[in-house]
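Please read them with the coordinates open beside you.

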Amino acid sequence: MLIKLAWRNLWRQKRRTILTAMALALALVLSLFMRSMQEGSYANNIENSAKFSTGLIQLQHVEFEESQSIEDLLPATDEFIAPAREMDDVERILPRLESFALAAAGDKSKGVMVLGVMPALEDEYSSISDKVVEGEFIKADDSAVLIGQGLAEYLSLAVGDELVLYGQGYRGQTAAGLYKIKGIVHFPLPQLDNLLIYMPLPLSQTLFSTGEQVSAWVIDTRELTRLEQTLADLKRAYSSQKLKNKVNVRDWEDLAPEMAQQIAMDKAGGIFMMYLLYGVVGFGLFATILMMTLERYREFGVMMATGLVRAKLLGLVVLESSFISLLGVTIGLALGTPLVVWFHYHPIELTGETAEMMLELGWEPILPMLLSPWLFIDQILIVLGLMLLCLLYPLWRIYRLDLVTALKGGAHVN
Amino acid sequence: MSIQTTQLRKTYNQDTDFPVHAVKQLDLSIEQGEFVAVMGPSGSGKTTLLNMIGGIDIPSAGTVIIDGIDICALKDKALIAFRRDNIGFIFQDYSLLPVLTALENVEFVMQLQGHSEKECRERAITLLDQVGLGEQLHKIPSKLSGGQQQRVAVARALAPSPRFVMADEPTANLDAKSTAELLDIMQQLNEKEGTTFIFSTHDPRVIKRARRVIVFEDGQLTEDRAQ
Ligand SMILES: Nc1ncnc2c1ncn2[C@@H]1O[C@H](COP(=O)(O)OP(=O)(O)O)[C@@H](O)[C@H]1O
Ligand SMILES: [Mg+2]
């Protein structure tokens, strides 16, 4: 009966109830849309930029983070990487050996970054062969290299030319070699374009005399949402006695802290906007609930005189507010869900400068939406929290309601 | 079974420079089965008195003893339960819940007592029949006339089978015909069911129908007569 009563009470002020619910719904739709878009674009940025640099997760030697040295390596054996391969969420694993060296050709020389990779695997991940502007992409058993376009121009090199790499190898050995250029790659980021030399992993292991070792195992998860779990799994798998104090499992936030920070800032901004929006709507909800309470003081008095205990009266008001909030949430979800789902499967396509910039970076120029139950649950919880907040004062008023004054129709608190 | 007040007093704004002595030193005794009118001009303290003996207002001094229970000593929750089970209220403005039908209004207070839905339904229908609203069970208050609404209120007041019914100026908003109808019903219930009615009024036509009249002036009892 109390539920029936609460429900019918809602419709005594039809317009007010609907307006309040609609305002809640609108806030929910906007917030949900905004947050889904934000999280979607973060995921996109993370995945895209991971592709072209650090990957999502890397296994490194514990000292490598500090030293970036060719001395601090991990085994490149199947046995070592087997635990990671067995994980369901791991989509691909790329061994990389990276070190600095001096590149010389003719009378010019320059410090470069040599990246030993498994060409086919890298290409599958980041489609790097598409970026070859001259010559061909390398194969695993080639003894030739790919070179950044900027670097090639600086050293006045073309496909078919040779260059000398000179540096320090494993355990202080000298690393030196003469390599033919098989292809020239254009990297959108100038830092890379002027710096990078790709070579097959075996060739780089020979150059640096590392034997079967790598400086990083780059690990990519099937779903970005599974990153945390995978990270935890990897940490557990690589914390055995033998490997302890040897393997460092790092995620993209650790590998690219600037980006992590930028995302955190952007997210904070979005969440602030969201709370601002809910704050405004919250005032409306508060006003409605307060009015619902104050204008019915006499009625409450009569109910109490005829035997309704205070707790049930409080319950009645909570029920009424819950109905309004649920109405808002329901309308909001009914409108918001199709919207988010639609844009998840049909991402907004960007045009103009932004699009070109993204294309240049090798990214698809889209604004994807993240479809995550957590974002929905967040919104629902926020509305419920908002309602509870709005209820505090009205409930206190009822709690302090004086029967005699209420019956006389007054709203005074004793 | 009776209501007994001793040295009952109510002073509003007690601690200010202008205290209002709404009820002064009242000793009164009302037995079960009585049909009592409390008469007096506006502001004489009738509402205050009914509120105090109905367990709604707290006296400034003195006691109200109903069936040997000092209701002023009851805690909030116990008082509400006591009131619910022993005292029915009828208000001048009917005060029905606007969103509930006549039937639901009556059922609601019974459900608060913890009766089963079936019991509530049956008794509510019987009561509404008794007050002549057997045909109007499913109408909401705004679809009923003032007299009809007040009769629903009588049914509601009687639903929990209270020993006493307090009616504060129940006919003040009613026309002559409705007033007569309402009094007929109250009198019938009093005579047949033995329900005690204590009602305040300043309407001479209503006073005529009472069997005992308590005259109140300026918070004091000036006359207490049977008729
Ligand atoms: N809550 C209150 N605060 C102050 N004075 C009050 C209050 N309620 C009633 N009074 C005063 O007490 C007196 C008696 O009031 P009341 O019992 O309502 O009289 P009646 O019902 O006979 O008209 C009046 O003078 C009224 O102004
Ligand atoms: Mg009065």
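Predicted model: local features only at pLDDT ≥ 70, side-chain atom pairs only at ≥ 80, totals over all residues.

1. Ligand 1 is placed between chains A and B, and 13 residues surround it, the closest being K408(A), G43(B), K46(B), T47(B) and T48(B). By residue class, the shell around ligand 1 is made up of four nonpolar, seven polar and two charged residues.

2. Which elements supply this shell? At least two residues each come from β2 (20-31) and α1 (46-53) of chain B, and α1(B) gives the most, with three residues.

3. Several polar distances deserve a look if you plan to examine the oxygen atoms of ligand 1. From T47(B) it is a polar side-chain atom that lies 2.6 Å from an oxygen atom of ligand 1. Taken alone, ligand 1 exposes 550 Å², of which the protein buries 70%.

4. The elements β2(B) and α1(B), named above for the ligand shell, also belong to the surroundings of an open four-stranded sheet in chain B, whose order is β2-β1-β4-β5 and whose pairing is antiparallel. At its edges stand β2 and β5 (69-70) of chain B, each of which pairs on one side only. Helix α1(B) packs on this sheet, where it touches β1, β2 and β4 (61-66) of chain B, and its direction makes about 125 degrees with that of β1(B). Between strand β1 (residues 2-12) and β2 of chain B there are eight bridges, and the two run antiparallel; within this pair, T11(B) stands opposite H21(B) of β2(B).

5. The other open sheet of chain B has six strands in the order β6-β7-β8-β3-β9-β10, and here the pairing is mixed. Why do β6 (87-90) and β10 (220-226) of chain B each have one side without a neighbour in the sheet? Both stand at the edges with a single partner strand, so one side of each is left open in that sense. Averaged over the sheet, and with direction ignored, neighbouring strands are turned by 15 degrees against each other.

6. At one end of this order, β6(B) pairs in the parallel sense with strand β7 (residues 164-168) of chain B, over four bridges, and F89(B) has M166(B) in β7(B) as its bridge partner. Helix α2 (residues 76-86) of chain B packs on the sheet here, touching β6 and β7 of chain B, with a direction that makes about 75 degrees with that of β6(B).

7. At the other end, strand β9 (residues 212-217) of chain B is joined to β10(B) by six bridges, and these two strands run antiparallel. V215(B) is bridged to E223(B) in β10(B).

Definitions and conventions. Residues numbered from 1 in each chain as written. Chains lettered and ligands numbered in written order. Heavy atoms only, no water. Pairing = 2+ DSSP bridges. Axes fitted to C-alpha atoms, helices over the stretch in contact; angles between N-to-C directions. Contact = heavy atoms within 4.5 Å. Near = heavy atom within 4 Å. Polar contact = N/O pair within 3.5 Å; in protein donor to acceptor, adjacent residues only side chain to side chain. Areas by Shrake-Rupley, 256 points an atom, 1.4 Å probe, with all protein chains shown as cover. Nonpolar A, V, L, I, M, F, W, Y, C, P; charged D, E, K, R; others polar.
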